[in-house]
Amino acid sequence: MIKTLARWADSDVGYSFRTSPVAIVAAVIAFVCIFCAAFAGWVSPHNPFDLAKLELMDARLPPAWYPEGTRKYLLGTDDQGRDILSAVIYGARISLIVGVVSVFLSVAVGTLLGLIAGFRGGWVDSALMRLCDVMLSFPPILVALLISGVGRALFPNADTTVAFGVLIFSISLTKWVDYARTVRGSTMVERNKEYVQAARVTGVAPMRIMLRHVLPNVTGPVMVLATIQVATAIITEATLSFLGVGVPPTSPSLGSLISVGNQYLFSGEWWMTVFPGLMLVLIALSVNLLGDWLRDALNPRLR
């Protein structure tokens, strides 16, 4: 493990990371957010979803630096007496899980279809690209709203796992198109190179050529796009949850926390909305900055 990290640090990408203050700061912020979300049970001072420990008398308390605040709740409480800091940490975990899993599913589907379209060409390429054109004609948020709404109608009494599955599927349904088009373009360039022709002459199966030879050479753009799309998926999930068609109410994410706090924004309880929104901005901004750095680091023309 140490040797692998040392080799990465001596590579061009590692040098680019060491010499980019923006990338370092973004990586630190992203690491802190992900670490807190992954270990929310140990990091958060309270469990905001344990109904037995909620105190309604502590509802709508301001942050600790206000005279009415208390150190027990550093960032205040919401209308149910839940600690805002703990709710933000737990909510970030849900948002990150939905965002990462939906992007992983989109990458898997889009990369496979893009490889097939670019390598086979002909009517297969035309059919898949026309499908992509159809998917791109629909706004992603509207498609996600439609699928999520249909899923809720078909499974009104579904458990949390099914609800999360419907949400992830609704976000992934339009995101795979970007990967398919990207991988298709790169594959069309790679399929005419000498190493692919040599593999064909030696009798290597087409699927093995695509997965063993072509795929490793088209993953660079996919990695950059996936990094940026994680932030987009998290924002999409937050939008759906804000509109009330995202994660179940029993597992509130950052979007649903912002939606609840928005009801009290004009009555002076600004902390219910600002702190979940700030966490969402930090996650999305840090991931986007890392994606921009990775795009430049993997671009040989900028070295």
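These are my notebook entries on one predicted model.

**Entry 1: the whole chain**

I began with the secondary structure. I found 13 helices and zero strands in the chain. Read along the sequence, the pattern is α-α-α-α-α-α-α-α-α-α-α-α-α.

Next I looked up the dimensions. Along the principal axes, the C-alpha atoms fill a box of roughly 75 × 50 × 30 Å. The chain has 303 residues, and 42% of them count as buried. Its accessible surface comes to about 16,300 Å². Carbon and sulfur atoms hold 68% of that surface.

The chain carries 23 positive and 19 negative charges. Their mean positions lie 12 Å apart.

**Entry 2: α3 against α5**

How do α3 and α5 pack? Helix α3 covers residues 21-38, and α5 covers 84-120. I noted an angle of about 100 degrees between the two, with their axes 8 Å apart. An angle from 65 to 115 degrees counts as roughly perpendicular, so α3 and α5 are roughly perpendicular to each other. On the α3 side, the contact is made by Cys 33, Ile 34, Cys 36, Ala 37 and Ala 38. On the α5 side I listed Ile 89, Ala 92, Arg 93 and Leu 96.

**Entry 3: Ile 29**

I stayed on α3 and picked Ile 29, which lies in that helix. Its relative accessibility is 30%, so Ile 29 counts as partly exposed. Leaving aside neighbours within four places in sequence, I found Ile 29 in contact with Leu 282 and Ser 286. I also looked up Leu 285, which is 256 residues from Ile 29 along the chain. The C-alpha atoms of Ile 29 and Leu 285 are separated by 9.4 Å.

**Entry 4: Ser 102**

I moved to α5, where Ser 102 has its place. Is Ser 102 buried or exposed? The cut-off for buried is under 20% relative accessible area. Ser 102 is at 1%, so this serine counts as buried. Setting aside neighbours within four places in sequence, its contacts are Ile 168, Ile 171, Ser 172 and Ala 233. I also looked up the distance to Gly 185. Ser 102 and Gly 185 are 83 residues apart in sequence and 23 Å apart in space, C-alpha to C-alpha.

**Entry 5: Gln 229**

Gln 229 is found in helix α11, which covers residues 219-242. I read a relative accessible area of 9%, so Gln 229 is buried. What does Gln 229 touch, not counting residues up to four places away in sequence? I wrote down Val 103, Lys 175, Asp 178 and Tyr 179.

**Entry 6: helix α12**

I turned to α12, residues 254-262. Its buried residues are Leu 254, Gly 255, Ser 256, Leu 257, Ile 258 and Gly 261. I checked what covers them.

**Entry 7: Arg 60**

My last stop was a loop. Arg 60 sits between α4 (40-43) and α5. Its phi is near 60 degrees, a positive value in a residue other than glycine. With a relative accessible area of 37%, Arg 60 is partly exposed.

Notes. Residues numbered from 1 in each chain as written. Predicted model: local features only at pLDDT ≥ 70, side-chain atom pairs only at ≥ 80, totals over all residues. Heavy atoms only, no water. Helix = DSSP H or I, 4+ residues; strand = E, 2+ residues; numbered from the N terminus. Buried < 20%, exposed > 50% of the residue type's maximum accessible area, 1.4 Å probe, protein only. Areas by Shrake-Rupley, 256 points an atom, 1.4 Å probe, with all protein chains shown as cover. Lys, Arg positive; Asp, Glu negative; His and termini not counted. Charge placed at Lys NZ, Arg CZ, Asp CG, Glu CD. Contact = heavy atoms within 4.5 Å. Axes fitted to C-alpha atoms, helices over the stretch in contact; angles between N-to-C directions. Parallel < 35°, antiparallel > 145°, perpendicular 65-115°, else oblique.
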